[in-house]
Amino acid sequence: MAPAAARDVPLIQSLLRRWRRTPPAVDETLWQDMRRGCPWLHALDGTREQRLRELAAYFLQRKTITPVAGLELDAGQRLLLAALCCLPLIEFGRDGLHGWSELVVYPEAFRVRRSHLDAAGVLHEWDDELIGEAWDSGPLLLSWADVQADIAEPQAGFCVAVHEMAHKIDVLDGALDGTPPLPRDWQRQWAIDFQRSYDAFCAQVDAGRETVIDAYAAEAPEEFFAVATEYHFSAPHLLEREMPAVAAHLRRFYGPSPFAPPPQIP
């Protein structure tokens, strides 16, 4: 018979796994204060709000939130960031948080150094000013000023936290290509519909025509998905009007937008 200590190892491991799966509950007062100031959360129904609350608690347990450049964040602000990052995961679940461990928050737009070696072997270097970025297997970066600006105009078509989280979800299958992990049949139809809509949108942008959807969506298929995700959560009526096939896929993937009109009862 194995020694008692050895027999206890599976039990200890099971208890540790259970502890990790059950993050501490979010303080009720803190949650309600934060919820009142965030229109996306205020618009959720009770069941989906509870799911988001549990995801936000899990986020706070498993992710490090690091304010930089003199920024300070209190408990309510950290909870707000966690909730916004988890908004696209209400249906997908906590598996959408896999593969990274840190949220870095700048006071405002920040600069990153870029480099590119062209076909002729010439190295090009430049600075980009960003309001958010998601590294494939590294941290997620956000501008606090732009998070606040999005909250101030929640139906303007923008939400930088949701945009960058879309990239994190997108890359879960190993490729940043505008297609998140999906069952095979759905993935096939998603790819067809998104490619058709992306090509049509790029043609509009290339022709110099003004677009209702932010033209940044034409940068690449992964940006098209991330920008469409922003519109799903912040201007679903515009996405439905301009790209109905894309809107239908995102409703199925994310669930209904908090700002979508309630279904009509016959």
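Cysteine 202 counts as buried at 13% relative accessibility, where buried means under 20% relative accessible area, exposed over 50% and partly exposed in between, with a 1.4 Å probe and protein chains only. The model is predicted, so local features need pLDDT of at least 70 and side-chain atom pairs count only at pLDDT 80 or more, while totals for chains, interfaces and linings use all residues. Residues are numbered from 1 along each chain as its sequence is written, and side-chain values use heavy atoms, leaving out hydrogens and water.

Cysteine 85 is also buried, with a relative accessible area of 0%. Its sulfur lies 6.7 Å from the closest cysteine sulfur, that of cysteine 86, which is too far for a bond. Across the whole structure the search finds 0 disulfides, a disulfide being a pair of cysteine sulfur atoms within 2.5 Å.

Threonine 211 is buried as well, at 16% relative accessibility.

| Residue | Relative accessibility |
|---|---|
| Cysteine 85 | 0% |
| Cysteine 202 | 13% |
| Threonine 211 | 16% |

Threonine 211 sits in the loop between α8 and α9 (221-234). Its side chain reaches the backbone oxygen of isoleucine 213 at 2.7 Å. Apart from neighbours within four places in sequence, threonine 211 is in contact with Phe201, Gln204 and Val205, contact meaning heavy atoms within 4.5 Å.

Helix α8 (residues 184-206) also packs against helix α11 (residues 244-254): their axes come within 9 Å and cross at roughly 140°. Axes here are lines fitted to C-alpha atoms, for helices over the stretch in contact, and angles run from 0 to 180 degrees between N-to-C directions. On the α8 side the contact is made by Trp186, Gln189, Trp190, Asp193, Phe194 and Ser197, and on the α11 side by Ala245, Val246, His249, Leu250, Arg252 and Phe253. By class these are 7 nonpolar, 3 polar and 2 charged residues; Ala, Val, Leu, Ile, Met, Phe, Trp, Tyr, Cys and Pro count as nonpolar, Asp, Glu, Lys and Arg as charged, and the others, Gly among them, as polar.

In helix α7 (residues 160-170), 11 of its 11 residues are buried. Among them are His163, Glu164, His167, Lys168 and Asp170. The cover over the buried residues of α7 includes α5 (75-86), β5 (132-134), β6 (140-143), α6 (144-152), α9 and α11.

For the protein, the secondary structure comes to 11 helices and 6 strands, taken as DSSP runs numbered from the N terminus, with helices H or I of at least four residues and strands E of at least two. Buried residues make up 44% of the 266 residues.

Definitions and conventions
Polar contact = N/O pair within 3.5 Å; in protein donor to acceptor, adjacent residues only side chain to side chain.
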